[in-house]
Amino acid sequence: MKEIVLAGGCFWGVQAYFDTIDGVVETKVGYANGNKENPTYEEVCTNTTGFAEACHIKYDENIISLEDLLRNYWKIINPTLKDRQGNDIGTQYRTGIYYIDSDDADIIIKSRDEEQKKYDKQIVTEIEPLKNFYDAEEYHQKYLEKNPNGYCHIPRELFKK
């Protein structure tokens, strides 16, 4: 199994979307690349912890490549918006690709450069090694499964299942 962490605004929608992608084996939402241990949702929302709401994804590279996973990611975000997606505004809603395997960096950069051709504005999505990841509280896990009418900035028609 390979792993990657993707931030794309509110983590509820990112998780729900990737749960529909063939080859994605497991997802969990949490807080990535911040500056304190074990943050709470309330702390992350203060814009002082440096964390992004993110989705930790385990995937089977025999079923889906990192390139294809990233193509799916770019479909659900506006990578030119800084610190926001949809109605969600704040540093925790920034977009980011946080890799665990340093060999993935070149693939990610190439994917970003290809995506940039679609935009006049500069892509601001962070691309960094994963420094840390803390699981979000249980009520955030699979939130849209538990609350199907919950807010999501990702159009539901993109969900495959």
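**Stop one: a strand with two neighbours**

Start by selecting Ala32, whose bridge partner in β8 is Phe133. Before going on, a word on what you're looking at: this is a predicted model, where local features need pLDDT of at least 70, side-chain atom pairs count only at pLDDT 80 or more, and totals for chains, interfaces and linings use all residues. Residues are numbered from 1 along each chain as its sequence is written, and side-chain values use heavy atoms, with hydrogens and water left out.

Now widen the selection to strands β2 (residues 24-32) and β8 (residues 133-135), which run antiparallel and are joined by three bridges. Two strands count as paired if DSSP finds at least two bridges between them. Strands here are DSSP runs of E with at least two residues, and helices are runs of H or I with at least four, numbered from the N terminus.

**Stop two: a pair of helices**

Select α3 (residues 66-75) and α4 (residues 105-116), which pack at an angle of about 40° with their axes 10 Å apart. Axes are lines fitted to C-alpha atoms, for helices over the stretch in contact, and angles run from 0 to 180 degrees between N-to-C directions. That angle makes α3 oblique to α4; under 35 degrees counts as roughly parallel, over 145 as roughly antiparallel, 65 to 115 as roughly perpendicular, and the rest as oblique.

Which residues make the contact (heavy atoms within 4.5 Å)? Show Leu66, Glu67, Leu70 and Trp74 on α3, then Ile107, Ile108, Ser111, Arg112 and Glu115 on α4.

Stay on α3 and colour its buried residues (under 20% relative accessible area; exposed is over 50%, partly exposed in between, with a 1.4 Å probe and protein chains only): Leu66, Leu69, Leu70, Asn72, Tyr73 and Trp74. These buried residues pack against several elements, including β1 (2-8), α1 (11-18) and β6 (95-99).

**Stop three: two loop residues**

Most residues other than glycine have a negative phi. Now pick Asn47, in the loop between α2 (41-44) and β3: not a glycine, yet its phi is positive, about 65°. Asn47 is partly exposed, at 39% relative accessible area.

Finish at Lys142, in the loop between β8 and α5 (143-146). Lys142 has a positive phi of about 55° without being a glycine. Is Lys142 buried or partly exposed? Partly exposed, with a relative accessible area of 28%.

Technical notes: Contact means heavy atoms within 4.5 Å.
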